[in-house]
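Please examine the sequence and the model shown below. The report that follows considers selected helices and strands in turn.

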Amino acid sequence: MTTTSLDELAGERVVNQTTQEVADTVATWIAAESRRAFGAHGSFSIALSGGSTPRLLNEILSGPGWRARMNWDWWNVYFADERACAPDDPASNYHLAETTLLSRVPIDPARIHRMPAERPDLDAAAAEYSETLASSLPPGRGGIPRLDVILLGLGENGHTASLFPGTPALEVADRWATRGLADYEPFDRITLTYPTINAAAAVGFMVTGAAKHEALLATARGEVPASRVNPTDGTLAWFLDAAAAAG
Ligand code: 6PG
């Protein structure tokens, strides 16, 4: 029987004891990446994920510790994926970001690019977002829009963003965003594609809780959608708590 260890995960692995420490570590990493990006090209672009894990990070970033220290006027905010619902729906990834971060920090609303996943025609909405990425971000290798930071989560089945096992979105190579299909409500999604994710300057996974350990091992074995995240001209980091790392 093959034994897998997290040592086989691509990229850097940072393990903290608690979810609070993981969130603090990710906040520090984001601040460093924002300084790097601003130094390199005078602005900072970041794509946020949904789910439950980012909530604590968002609350820390918008809290007294980081609110005064972050250069919010550098920020341009994008999304890694979105659920097919209204932006004020509690299931919306935009709603999570808006209520726990964006409404609490001074980011120019014109620099917040949410995915219009409430639209009836999700293919058209995804194509529009693909165009938004292309027209508002600098081109990276191969002309692919280059985000400075993409924050990702990991589902128990190894999905990330809305790149779910066995779905057409996994094979999209000529667009920067596409329609996604989840295996839990809301099923319909918009998601960044692998070319966009792997064109980023820095990708960080935030993964907490023992329930994610098997998904991490499956990722290391190359068996799940998260396994194909590996920036071609950038860095990859896994921010884990002890429970996720040890299972
Ligand atoms: C979504 C997310 C998704 C999420 C994982 C992990 O819209 O659901 O973007 O990819 O990151 O499902 O979710 P948790 O953080 O809730 O474990």
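Helix α1 includes the buried residues V22, A23, V26, A27, W29, I30, A31, E33, S34 and A37. Buried means under 20% relative accessible area, exposed over 50%, and partly exposed in between (1.4 Å probe, protein chains only). Helices (H or I, at least four residues) and strands (E, at least two) are DSSP runs, numbered from the N terminus. The model is predicted: local features need pLDDT of at least 70, side-chain atom pairs count only at pLDDT 80 or more, and totals for chains, interfaces and linings use all residues. Residues are numbered from 1 along each chain as its sequence is written, and side-chain values use heavy atoms, with hydrogens and water left out. Just after α1, G42 adopts a positive phi of about 80 degrees.

The lengths of two helices can be set beside their expected spans. The expected span is 1.5 Å times one less than the number of residues.

| Helix | Residues | Expected span | C-alpha span, end to end |
|---|---|---|---|
| α1 | 19-41 (23 residues) | 33 Å | 32 Å |

In α5, the buried residues are L122, A125, A126, Y129, S130 and L133. They lie on the same side of α5, because they cover an arc of only 145 degrees around the axis; the arc is that of the directions from the helix axis to the C-beta atoms. An α-helix has 3.6 residues a turn, so residues three or four places apart point the same way. The cover over the buried residues of α5 includes β3 (75-79), β6 (177-181), β7 (188-192) and α6 (194-197).

Within α5, Y129 counts as buried because its relative accessibility is 2%. Leaving aside residues up to four places away in sequence, Y129 touches Y78, F79, H113, R114, M115, P116, A177 and L192, where contact means heavy atoms within 4.5 Å. The side chain of Y129 also reaches the backbone nitrogen of F79 at 3.1 Å.

Which strands pair with β9? Strand β1 (residues 12-16) runs parallel to β9 and is joined to it by five bridges, with N16 opposite D241. Strand β8 (residues 202-207) pairs with β9 in the parallel sense over six bridges; two strands pair if DSSP finds at least two bridges between them. Six of the seven residues of β9 (residues 235-241) are buried, so this strand is largely enclosed by the rest of the structure.

Conventions
A polar contact is a pair of N or O atoms within 3.5 Å; within protein, one must be able to donate a hydrogen and the other to accept it, and residues adjacent in sequence count only if both atoms are side-chain atoms.
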